[in-house]
Amino acid sequence: MTQRYSRIAGTGSYLPPRRVTNDDLVAELAARGIETSDAWIVERTGIRARHFAAPDVPASELAVPAARAALEAAGAQPGEIDLIIVATSTPDMVFPSTAAIVQHKLGIAGCPAFDVQAVCSGFVYAMAVADAMIANGTARKALVIGAEVFSRILDFKDRTTCVLFGDGAGAVVLEASDRPGILATDLHADGRHVGILCVPGNVSGGQVLGDPLLKMDGQAVFKLAVGVLEKSARAVLAKAGKQEADIDWLIPHQANIRIMQSTARKLRVPPERVVVTVHDHGNTSAASIPLALDHGVRSGQVRPGQTVLLEGVGGGFTWGAVLLVL
Ligand code: UT7
């Protein structure tokens, strides 16, 4: 029997229209007595702008146009989809899943739909799950989406975090194929580090208990991230029997340009082979990798037949990689 692989048939993304530059944000924060600067944000992170969704726009509203764009690129109809996975940490509701809401908004019913919660590693987790479900015959054509409205959980009194994140969504149609596709995946979590990046609140008895705003020990996350991204890249290459030199494109989680450059250097991937969108999107958590992938594909940089390394890292602590041929 020939092995069954999963392959990206199309990509799509969506950014809410409100683009907030560093200068816009600096002015908004100054009005609240918080001091920061475009120079600090650019130097420490590479971020120049981010998009914020309107307050009444939930993650599913960003996910649906991204999904429709991916379907169109794949030449597929919503009715052909037999699996929907949404990676998000900012779901529309406590339950049901944002994936179920997206399914309904796409006008389809019946196929499995669920969310994956692995914060900024969510998209690589979702891709690994969809890949396994396609490989074992559970699904033939999946929508894998990363969608976030992180603006909802930012503490605009905390300059060390509120300048870093943005909203958006990215999606791929992943379909069964007799040729790869996804070559290997590598996922990890280490719950000892829950406290370094978290939103430590929950809903109880009709009230929010704890603090529902994002907390991050940036330096601790930074240190862990640069180590695990290199390790996971090497692990996924080894699983696929590939070398560093086989990587045509590195598409890492877009949190900080310095983390991306450090990972690229360690893997000997030249800077021009790294897809970078952090300057214009900020950190969109689970949406950042599919947003960057779609940008790379639509700009004509990332082309069919090329080998692409996706890498995620974030709260949990979680991290992982997907190596694929586009
Ligand atoms: O998405 C999940 C993964 N997340 C990440 O990968 C984030 C990882 N961490 C980072 O990207 C970086 O640690 C940050 C960008 C968050 C911070 O950069 P840093 O170079 O580690 O800065 P720092 O925390 O060491 O802060 C340096 C200084 C401090 O002042 P002092 O103590 O040296 O006087 C901060 O108070 O910068 C100050 N600072 C700011 N100044 C102006 C912190 N935030 C700001 C700000 N504007 N927004």
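The text below treats a predicted model, beginning with a sheet and ending with the domain interface.

**Sheet and packing helix**

An open sheet with mixed pairing is built from five strands, ordered β1-β7-β6-β4-β5. Its edges are β1 (5-14) and β5 (113-116), each of which pairs on one side only. On average, neighbouring strands of this sheet are turned by 20 degrees against each other, direction ignored. Within the sheet, β4 (residues 83-87) runs parallel to β6 (residues 141-149), and five bridges join the two. One detail of that pairing is Ile84, whose bridge partner in β6 is Leu143. Helix α3 (residues 59-74) packs on the sheet and touches β1, β6 and β7 (167-177). The direction of α3 makes about 125 degrees with that of β1.

**Domain interface**

The domain assignment gives domain 1 (5-178) and domain 2 (183-325). Values for the two domains together are tabulated here.

| Quantity, domain 1 and domain 2 | Value |
|---|---|
| Separation of centres, over C-alpha atoms | 14 Å |
| Area buried between them | about 3,600 Å² |
| Salt bridges between them | one salt bridge |
| Residue pairs in polar contact across the interface | 22 residue pairs |

In contact are 51 residues of domain 1 and 45 residues of domain 2. Carbon and sulfur atoms hold 64% of the buried area. On the side of domain 1, Cys120, Val124 and Tyr125 lose the most area to domain 2, together 17% of what that side buries.

Arg19 and Asp280 form a salt bridge, with their closest N and O atoms 2.8 Å apart. Elements giving two or more residues to the domain 1 side include β1, α2 (38-45), β3 (49-51) and α3. Helix α5 (122-135) is also one of these elements, and α5 supplies the largest share of that side, seven residues.

Methods. Residues are numbered from 1 along each chain as its sequence is written. This is a predicted model: local features need pLDDT of at least 70, side-chain atom pairs count only at pLDDT 80 or more; totals for chains, interfaces and linings use all residues. Side-chain values use heavy atoms; hydrogens and water are left out. Two strands pair if DSSP finds at least two bridges between them. Helices (H or I, at least four residues) and strands (E, at least two) are DSSP runs, numbered from the N terminus. Axes are lines fitted to C-alpha atoms, for helices over the stretch in contact, and angles run from 0 to 180 degrees between N-to-C directions. Contact means heavy atoms within 4.5 Å. Domain bounds come from an automatic or database domain assignment. Buried area is the accessible area (1.4 Å probe) that two parts lose on being put together, summed over both. A salt bridge is a side-chain nitrogen of Lys or Arg within 4 Å of a carboxyl oxygen of Asp or Glu. A polar contact is a pair of N or O atoms within 3.5 Å; within protein, one must be able to donate a hydrogen and the other to accept it, and residues adjacent in sequence count only if both atoms are side-chain atoms.
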